[in-house]
Amino acid sequence: MTFVMGPALLFCPADRPERFQKAAERSDAVIIDLEDAVAAPDKQRARGAILAQLGSTGEGPELDPSRTIIRINPAGTEDFEKDLHCLTHTPYRTVMLAKTENAGQLRALEGFHVIALCETAAGILNAPAIAAAPNVVALMWGAEDLLASLGGTSSRKDDGGYRAVALHARSSVLLAAGAFGKEAVDAVYVNIPDLEGLGAEARDAVASGFSSKACIHPSQVAVVRGAYAPTEADVAAARQLLDAAHASGSGVFQYDGKMIDGPILKHAESTIRRAGAST
């Protein structure tokens, strides 16, 4: 199973069906959120909204299943069971499991493509085992829930940068995903007006190896897309480098005064892939 959605994933509350289509149109994939974005008394109505948008004729969903993710409530809760019951009556088979903490929780989601959201201490420490689960297609990490689970008050310092524990969690999830060939999704940037800060963080996500980044507001989508889309000059340089590698016929060669080997060529290949995804 391969996760190909992205790079800009946009959250939308499941109890706001009037926003579903707009969110889908403005992003690369929409995350319909049945967890934190919906108050407890409204969760059943939110599930009803997901079912209702299938249409009375039952001919097909309004949202494209290949570009739709449903964030469900944590395993072991009553709402988790109700979410699963709801999804059995829909074509949606990509879910984001909130507060994933161990690989055993993934067994109940057999038949679904799972984005495991690691946002507690247990989830971060168990990220490698979670990534190894066969139905997991991607890992995402969450900063604020993690710090709350530790008894902290904020994931960021006064200058806007992440605290050390958050950076450790971010790296741990990225490494676990990479070790098992799964994609990694970077956490949301909660300071909505700070598009400059978002841009810097998204560019770091690209350089670090995250395949996509989650957004909480439509204004963030263009910034994330911009960070992931290489410039024409970047693409041209990557193609020239790959052509030179093909012409050299050797594993290591000199190009533009620099030694070129496998890892550098992989960076160039990544640039070409991102260019294709952004067109």
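1. The crossing of helices H8 and H9 is right-handed, a crossing being right-handed if the near helix is turned clockwise from the far one by less than a right angle, and left-handed if anticlockwise. The axes of H8 (residues 195–208) and H9 come within 8 Å and cross at roughly 35°, where axes are lines fitted to C-alpha atoms, for helices over the stretch in contact, and angles run from 0 to 180 degrees between N-to-C directions. Helices (H or I, at least four residues) and strands (E, at least two) are DSSP runs numbered from the N terminus.

2. On the H8 side, Leu 195, Leu 198, Gly 199, Ala 202, Arg 203, Ala 205 and Val 206 meet Val 223, Val 224, Ala 227 and Tyr 228 of H9, contact meaning heavy atoms within 4.5 Å. By class, this contact of H8 with H9 has nine nonpolar, one polar and one charged residues; Ala, Val, Leu, Ile, Met, Phe, Trp, Tyr, Cys and Pro count as nonpolar, Asp, Glu, Lys and Arg as charged, and the others, Gly among them, as polar.

3. The model is a predicted one, in which local features need pLDDT of at least 70 and side-chain atom pairs count only at pLDDT 80 or more, whereas totals for chains, interfaces and linings use all residues. Residues are numbered from 1 along each chain as its sequence is written, and side-chain values use heavy atoms, with hydrogens and water left out.

4. Eight strands close into a barrel with parallel pairing, in the order S1-S2-S3-S4-S5-S6-S7-S8, and the twist averages 25° from one strand to the next. Two strands pair if DSSP finds at least two bridges between them; strand S6 (residues 136–141) and strand S7 (residues 183–186), which run parallel, are joined by three bridges, and Leu 139 stands opposite Ala 184 in S7. Helix H9 (residues 221–228) lies across strand S1 (8–13) and strand S8 (212–215), running at about 170° to S8.

5. Most residues other than glycine have a negative phi, and most peptide bonds are trans. The peptide bond from Gly 6 to Pro 7 is cis, with omega near 15°, and Pro 7 lies in the segment before S1. Lys 99, in the loop between strand S4 (94–97) and strand S5 (113–118), has a positive phi near 50°.

6. Ser 172 belongs to helix H7 (residues 164–179) and, leaving aside its neighbours within four places in sequence, is in contact with Ile 124 and Ala 127. Its C-alpha atom is separated by 9.2 Å from that of Trp 141, 31 residues apart along the chain.

7. Overall, the secondary structure of the protein chain comes to eleven helices and ten strands, and the C-alpha trace spans about 65 × 45 × 40 Å along its principal axes.
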